[in-house]
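Hi,

Here is the model I promised to pass along.

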Amino acid sequence: MEKMKLKLLYSDLRPELEMIEKELEQAVDSESLLLNDASLHLLQAGGKRIRPVFVLLAGKFGDYNIDVMKQVAVPLELIHMASLVHDDVIDDSEIRRGRPTVKAQWNNSVAMYTGDFILARALERITEITAPRVHEILSKTLIEVCRGEIIQIQDKYKLDQNLRDYFRRIKRKTALLISSSCELGALVSGTDEKTAAHLRRFGYFIGMSFQIIDDILDFTSTDEELGKPAGSDFIQGNITLPILCARKDPEIYQLLKANLNKELSDHERLEIVGIIRNSSGIEEAKAMSERYLQKALRELSFLPKGPGVKTMRKIAFFIGKRNF
Amino acid sequence: MEIEVLDAVRQRTLDQFTEGPSVKESRLFFLLLPFFSGKTWSAEIESSAKTVSIVYAALHAHDQVREDNPISKEQQLTVLAGDLYSGIYYQMLVNSKNIAMVQKLATAIIQVSERKTSFFEGMDRSIAEVEEAITIIETELLISFYKFYGYTEYESLAKQALLYIRYADELERLQSKNYSNFLRELTSNLNHKNYVEHWLVEKLDNLHEKIVKSIDECSLDYELAQFLLHQITPHQHRAEQLTREG
């Protein structure tokens with residue numbers, strides 16, 4: 001439902017997004033029936049397509065040509081998809097968006113090769129663009145995203161980490177790819193450098209806000225709404241902002257410490273989820289997300305007025321208030 | 001070159017928890033063969049050769065991911081190591097402004113991933129199709145490099161030798177009952193383990209003959225030829241022994 005609402009916000013882009021959806025399907029087409037099935041399984045699970053949307057919106061500030069924009073939008077979504085299929089192996093996740101993950105439906109090896117295949121398709125496509133700057137940004141982003149994930153594994157089950165560790169992680173894990181989507185969209189449409197820089201920073205701030213909200217929703221949503229067990233982050237040892245804020249309460253700290261890295265029954269899991277949900281951690285995390293949202297909106301205020309800014313603002317507000 | 005490749009992809013946490021980047025010596029040998037043979041070789045080609053080895057390391061890392069449940073920290077980092085190496089190969093080629101090579105390697109990775117997945121499809125296919133899949137898995141990256149820089153004269157030799165080394169490894173696996181997906185499919189095609197062994201030994205004999213002939217055709221100098229033969233000789237002795245034993 002909420003995803004529908006979000007899609008309504010960028011309904012102006014519907015024809016282009018439908019085109020991108022078709023291109024995504026073509027991009028994962030393979031001689032291997034299994035790879036085809038696995039990739040389509042992933043694609044059909046849906047998603048918010050937030051990265052292609054930001055590429056297209058950023059393109060509105062320059063010389064917008066959908067044939068050029070899709071050359072960036074499609075690979076960026078493919079890169080995101082490839083990372084999801086590998087993440088599910090890392091997190092040992094059985095369910096994503098309410099459907100079995102590739103690793104659960106087939107196995108870890110098939111998931112690894114599917115991810116490699118999709119990433120290679122992304123690179124094959126993006127190399128149709130010859131502008132070196134595009135590749136400099138994208139390759140740097142890919143490396144930083146991986147480093148972010150490596151750091152996330154390093155930091156797992158460490159309840160005593162500081163806020164800076166968390167922000168460093170989510171910057172690399174989420175914000176950078178959204179920031180690069182905006183910057184690349186601006187670049188290939190030929191905007192001036194100043195506009196591209198504002199769009200890059202907008203993407204970064206909105207990405208940070210988006211991830212914090214995601215981390216909050218892991219505690220405030222139901223299993224059904226999430227399409228996976230609530231509290232999955234905690235179960236997997238990922239210490240997110242709501243936990244970092246809530247741990248200030250010594251009782252909560254002790255409870256978290258006692259249950260980290262422990263096999264939890266559903267009852268125990270839901271109890272912890274409930275305690276975090278009712279703690280001050282959620283409100284503090286929301287305030288932090290709001291701060292990033294305001295910074296994102298400020299970047300928009302420097303951009304030339306037009307439909308692009310209007311839609312970006314609407315999406316930004318929606319992200320700040322979403323509950324899915 | 002091996003050290004330079006390892007340095008390019010080094011990462012503290014990965015070094016601590018994973019086996020680290022791994023590229024077979026035989027693959028490095030064939031990547032450098034045109035250089036060793038005195039062919040035109042530039043800084044750009046050298047950099048490309050390094051990136052091909054990094055791609056080999058990336059794909060190798062992902063081959064090491066097992067079906068453990070739940071997955072261990074070492075396995076989690078092995079997944080990320082492969083992804084990181086992929087990012088690094090891309091960035092290295094971007095830095096040397098060689099976008100065309102990024103595209104060639106991406107296409108080769110697609111082919112390799114398709115063939116690796118084919119072993120999980122559970123479809124009936126001929127031995128020739130299985131062989132074709134293994135050949136692509138073992139050689140496609142290298143052949144893309146050769147084609148890109150016009151070193152196609154080494155294509156046959158490289159294919160034969162890399163396939164030889166793969167089959168020799170598979171023979172060892174078979175004898176130690178450490179069955180790979182390839183061996184499982186071969187067994188289901190040939191119906192019995194003994195036939196698989198016989199098939200592999202015959203392949204090794206056949207490839208050995210072809211390799212000797214190709215070395216001659218490529219006019220490899222004496223030392224290079226010896227190095228290459230040395231790589232396959234231990235396996236050849238074993239194959240001959242098995243042939244004698246019937």
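**A histidine to begin with**

A:His135 sits in helix 8 of chain A, which covers residues 132–154. (Helices here are DSSP runs of H or I with at least four residues, strands are runs of E with at least two, and both are numbered from the N terminus.) With a relative accessibility of 0%, A:His135 counts as buried. Buried stands for under 20% relative accessible area, exposed for over 50%, and partly exposed for what is in between, using a 1.4 Å probe and protein chains only. Leaving out residues up to four places away in sequence, what does A:His135 touch? From chain A there are A:Ile126, A:Thr127, A:Ile129 and A:Thr130, and from chain B there are B:Tyr90, B:Val94 and B:Ile99. A contact means heavy atoms within 4.5 Å.

Before I go on, some housekeeping. This is a predicted model, in which local features need pLDDT of at least 70 and side-chain atom pairs count only at pLDDT 80 or more, while totals for chains, interfaces and linings use all residues. Residues are numbered from 1 along each chain as its sequence is written, chains are lettered from A and ligands numbered from 1 in the order in which they are written, and side-chain values use heavy atoms, with hydrogens and water left out.

**Chain A as a whole**

Chain A has 17 helices and two strands. Its radius of gyration is 19 Å, close to the 20 Å that the globule rule gives for 324 residues, so chain A is as compact as a globular protein of that length. (The radius is taken over C-alpha atoms, and the rule is 2.2 Å times the number of residues to the power 0.38.) Along the principal axes, the C-alpha atoms fill a box of roughly 55 × 50 × 35 Å. Of the 324 residues in chain A, 62% are buried. Among contacts in chain A with a separation of 6 or more, 76% are between residues 24 or more positions apart.

**Salt bridges**

Side chains of opposite charge can pair when their charged atoms come close. I counted a salt bridge when a side-chain nitrogen of Lys or Arg is within 4 Å of a carboxyl oxygen of Asp or Glu. How many turn up over all chains? The search of the whole structure gives 35.

One of them joins A:Glu23 to A:Lys70, with the closest N and O atoms 3.0 Å apart. That pair links distant parts of the chain, since A:Glu23 is in helix 2 (residues 14–27) and A:Lys70 in helix 5 (residues 66–90), 47 residues apart. Both A:Glu23 and A:Lys70 are buried. They also belong to a salt-bridge network with A:Asp67 and A:Arg125.

A:Arg49 pairs with A:Glu77, again with closest N and O atoms 3.0 Å apart. A:Arg49 lies in the loop between helix 3 (33–44) and helix 4 (50–59) and A:Glu77 in helix 5, so this pair ties together parts 28 residues apart in sequence. A:Arg49 and A:Glu77 are both buried.

In chain B, B:Glu170 and B:Arg166 meet in a salt bridge at 2.8 Å, N to O. They are four residues apart in helix 8 of chain B (residues 155–175), so about one helical turn separates them. B:Glu170 and B:Arg166 are buried too.

**One more residue**

A:Ser221 is in the loop between helix 10 (193–220) and helix 11 (223–226) of chain A. Is A:Ser221 buried or exposed? Its relative accessible area is 2%, so A:Ser221 is buried.

Cheers
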